[in-house]
Amino acid sequence: MPYVIGSDLPDAPAGVRFRAMLDRPAILQMPGAHTGIAALLAKKQGFEALYMSGAAMSATMGLPDLGMITVDEVAFYVRQVARAAGLPMLVDGDTGYGEALNVMHMVRVFEEAGAGAVHLEDQLLPKKCGHLNDKKLADGRDMAAKVAAARKARKNLYVIARTDAVASEGMDAAVDRAKLYLEAGADAIFPEALHSREMFAEFARRMPGVKLLANMTEFGRTPFLTATEFQELGYAMVIWPVSHLRVANRAMEELYISIRESGGTQQMLDRMQTRAQLYETIGYHAYESLDASLVRTVVPEGMPQG
């Protein structure tokens, strides 16, 4: 049977599928993948859900992660990932792009674009990466109002409340804030920038029965822990938010250095995805078969030698 665009995409809403994954005993592993091609590569390796980092999206646009990108710019990334891979994704909602009404607008836009979950954080603008210093926190009641607004606006979207309070207010305050956000309607809690295995264990111990998200970002405060280790500590979800971008950026930089130094790309061929591999990943020939007017492309076997 010929391929039909969209025929392989699931019918159930992304939020429903995301919630069902959390009903399983195994920790939900979500690598960062904020572009369509990254989503396809992650899906190829068997990942069932993805994470979309505000820092990764901002950096792709050449901007710092200071809350500068807009709802519509994020929705552009959400739509392409949803269309490309059809996997439910957790989207970084930063501080909600404003107050309660703005949060409700964000929830509707993200859910309509194909998001399965969103997390909101209790920082004030200009917000910072959770692993940096001198973050300014919103009043807990104001954050709770945003959570309640998100809950009211959603149809199926899974709502996660992130607290950055541990670094500046301590563990007790972070736990108190988490409880307040749960009362306001959060489905899960994301304690950001915990910097030891013991802190992760303590937070989970003080949040019995609550779904928790762990952030395994590099070059931050959190020590390297595996998905299995996070699960043993009591966490239901783990993200690797910017890892894919860090690897890709380093590879692109090395490519540009090589071109500059050698006058071409010949030194980098063994580091490249081949044309055939790219076409296989994006389903080139499946799309091509939809239009009988197109002659099937013959992929070159190799490059001619000069």
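Entry one, Arg177. I listed its contacts (heavy atoms within 4.5 Å) and found that Arg177 touches Asp122, Leu137, Ala138, Asp139, Gly140, Thr163, Ala165 and Glu169, leaving aside residues up to four places away in sequence. Arg177 sits in helix α8, residues 171-184; helices are DSSP runs of H or I with at least four residues, numbered from the N terminus. I also checked burial: Arg177 is buried, at a relative accessible area of 9% (buried is under 20%, with a 1.4 Å probe and protein chains only).

A note on the source: this is a predicted model, where local features need pLDDT of at least 70 and side-chain atom pairs count only at pLDDT 80 or more, while totals for chains, interfaces and linings use all residues. Residues are numbered from 1 along each chain as its sequence is written, and side-chain values use heavy atoms, without hydrogens and water.

Entry two, the nonpolar cores. I took a core as buried Ala, Val, Leu, Ile, Met, Phe, Trp, Tyr and Cys residues joined through side-chain atoms within 4.5 Å. Which residues touch the most other members of the largest core? Among its 67 residues, they are Met106, Phe110, Phe203, Phe230 and Tyr235. Helix α4 (residues 71-85) gives this core its largest share, eight residues. Another core lies apart from it, with 17 residues that include Phe190, Ala236, Met237 and Ile239.

Note on methods
Buried means under 20% relative accessible area, exposed over 50%, partly exposed in between (1.4 Å probe, protein chains only). Helices (H or I, at least four residues) and strands (E, at least two) are DSSP runs, numbered from the N terminus.
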